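Let us walk through this structure step by step. Keep the sequence and the 3D view side by side.

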Amino acid sequence: MQALLDQMIQEGAFAGVPKEVVYTIAMVLTAVVVLSAFVAPLAGVTSWLERRVWARMQSRVGPNRVGPQGILQWLADGIKNIMKEDIIPTAADQKLFPLAPYVVFMGFLCAFVVIPFGESLIVADLNIGILYLLSVTSLVVVGILMAGWASNNKWSLLGGMRSAAQIVSYEIPAGLSVLTVVFLAGTLSMQGIIKAQGWRPWDWFMFHNPFTFCAFFLFFTAALAEGNRTPFDIPEAESELVAGYVTEYSGMRFLFFFFAEWGNLYVIGAVVTTLFMGGWQVPPVTDNPVLLGILQFLTFFLKAYFWVFVAMWIRATLPRVRVDQLMGLCWKYMVPLSFICLLGTIGFMFMDTNSRRIFGAITLGFAIATIINFFRRVGFQFRSAKPEAYWKPHI
Amino acid sequence: MGVVTNYIKDIQAAITSTYEGMSITFSHLMRRPMTIQYPDKIPVPIQETLPLRYRGILEVDLDICTGCLACERDCPITCITIGIDMNKETKQRYFTHFDIDVCKCMYCGLCSEACPTGAIRHSSEFEGASYNPAGLVRHFAPEPSNLYKPKKGGETEDKLIAKVDIGLKYLDEFATPDGGGAAEEKE
């Protein structure tokens, strides 16, 4: 990219405009292209898929009218929201109120900089990658608090305060769970963490030892809480707070909050995949760099999207927790457990490889047994309800 | 010691209840949704599933309407307006208009009970959505048409016989619940 720009400057394509200006314009253009070509459809299709998955889990159909099976529903929603009136209440803070959605949006969009979609498909392989990611996603809390404060509405402010308390608290178990992986990989770089794992499931950090297996679930739960997802969506609990910090927003600004939420879902999946599930690692099947790149991207995308599906599934399953339960879960259970996981992983690092592999194999066996038992339970639930079976994903 | 046991029990309860709950929701993915996808993607048209004597939007069969104005008089909210004129040369009376305002209609069924031939009756149609109220006024005589005059000794034309039968059947089944009322009046 930079080489191409340099060559064009050499040939005088920009008529003597300073190099910095050309770089800036090129970066903004690239960001716009990436935003419109990948992130927007991703968040949009996720919103549609989420509604379809919930609907099926609640014995409904979900949106299926716009386009084949309703897949263009997100476009219809977006167009509707752009055309809506953008209301700024007179009592609201006139500068902060319009700004807040973009701060939330930036916090989520900056995370895409370090997400490794493939061996060479990464915007910037920072050597502090995961630390950068944890810090930019914390920017979301600034935006949410800003929205809550600027709305000049008690429900909004309560929502913003709750969100701030929640995100700050859940950073601790999330950070400690990340630390177990960082200890094992010996690097903070996202690519470095992936390269320290392999394509086989027993090479993944998830099945490194029993403690990383627990750390994985702790991280996923904490990430859901940080993304304000059900069962931890108390900042926008509609039964208590109308809509929390988004109460006063309308039109496209309102949509930006949800854009960030659904995009964040994919970021959660991507981080979980990178840290615990071997990222883009694929079996060595081909030497063709393009084919390998596509294969790596698909592997990463599907692994990440599986966890997006799990987040939807959890949202359709669990009820919302209360504020005190939320804080109790974090400080009384997840923080001590993540410390135990951290110390346990440190213990395993002193163990020699062969003995460690036995524990890894036991963990993997336990996971497989759990999954098999899970599907037996699903079969039991299905049979005991005596429903009318319908296996097709579409209706 | 009890505190530690409770602590571990809490964790166990959280994990097992989430596990069970997720298995239940996953099993729902394989069940048929309860939703009936009206108006399309339904096995039989919704009109066919409606019960007998369903009071839908009124319809008029002008071919067997005698122009007695019984329905117009019986209508409590005057949603039926009928105009009848006479051709001076042939002495033939004809409808200038026969309008029913579906906006006003309260589906009481009094008009269909009063009708001697069963020309005005409730259809099974109920989808009355329209972009303006004027679209809800049903014009049954868009161009002037002659009144029906029952022939002595029964109808001879096949088309009219069928229509009269439909009207009388409707009167028997719908308008007079005790049955036979229309037939008695006719004799």
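Strands here are DSSP runs of at least two residues, numbered from the N terminus. Two of them pair if DSSP finds at least two bridges between them. With that in hand, look at strand 6 of chain B, where B:N146 is the bridge partner of B:Y94. The model is a predicted one.

Strand 6 covers residues 145-146, runs antiparallel to strand 3 and is joined to it by two bridges.

One more pair to find is B:G83, which stands opposite B:H97 of strand 3.

Strand 3 has a further pairing, with strand 5, residues 137-139 of chain B. The sense is again antiparallel, and there are three bridges. Here B:D99 stands opposite B:H139.

What links strand 2 to strand 3? The two form a hairpin with six residues between the strands. B:K91 lies in that loop. Its phi is positive, near 60°, although the residue is not a glycine. Is B:K91 buried or exposed? B:K91 has 7 other C-beta atoms within 10 Å, so it counts as exposed, the cut-off being 12 or fewer.

A second residue of chain B deserves a look. B:L69 lies in the loop between strand 1 (58-60) and helix 2 (70-74). B:L69 is not a glycine, yet its phi is positive, near 65°. B:L69 has 12 C-beta neighbours inside 10 Å and therefore counts as exposed.

Along the sequence the order is α-β-α-β-β-α-β-β-β-α-α. How spread out is the chain? The radius of gyration is 29 Å, well over the 16 Å that the globule rule gives for 187 residues, so chain B is more spread out than a compact globule. Along the principal axes, its C-alpha atoms fill a box of roughly 110 × 40 × 30 Å. Buried residues make up 17% of the 187 residues. Take the contacts in chain B between residues at least 6 apart in sequence: 74% of them join residues at least 24 apart.

Next, turn to the partner chain. In chain A, follow helix 7, residues 154-185. This helix has 32 residues. From first C-alpha to last it reaches 46 Å, close to the 46 Å expected at 1.5 Å a residue. Where does helix 7 kink? The kink, of about 25°, lies at A:E171, shortly before the proline A:P173. Just after the helix comes A:G186, with a positive phi of about 75°.

Finally, bring the two chains together. How many residues of chain B are in contact with chain A? There are 20, and they meet 22 residues of chain A. On the chain B side, the residues divide into nine nonpolar, eight polar and three charged.

Conventions: Residues numbered from 1 in each chain as written. Chains lettered and ligands numbered in written order. Predicted model: local features only at pLDDT ≥ 70, side-chain atom pairs only at ≥ 80, totals over all residues. Contact = placed C-beta atoms within 7 Å. Nonpolar A, V, L, I, M, F, W, Y, C, P; charged D, E, K, R; others polar. Helix = DSSP H or I, 4+ residues; strand = E, 2+ residues; numbered from the N terminus. Expected span 1.5 Å × (residues − 1). Bend = angle between axes of the 7 residues up to and from the residue. Rg over C-alpha atoms; globule rule 2.2 N^0.38 Å. Buried ≥ 20, exposed ≤ 12 C-beta atoms within 10 Å, placed from the backbone.
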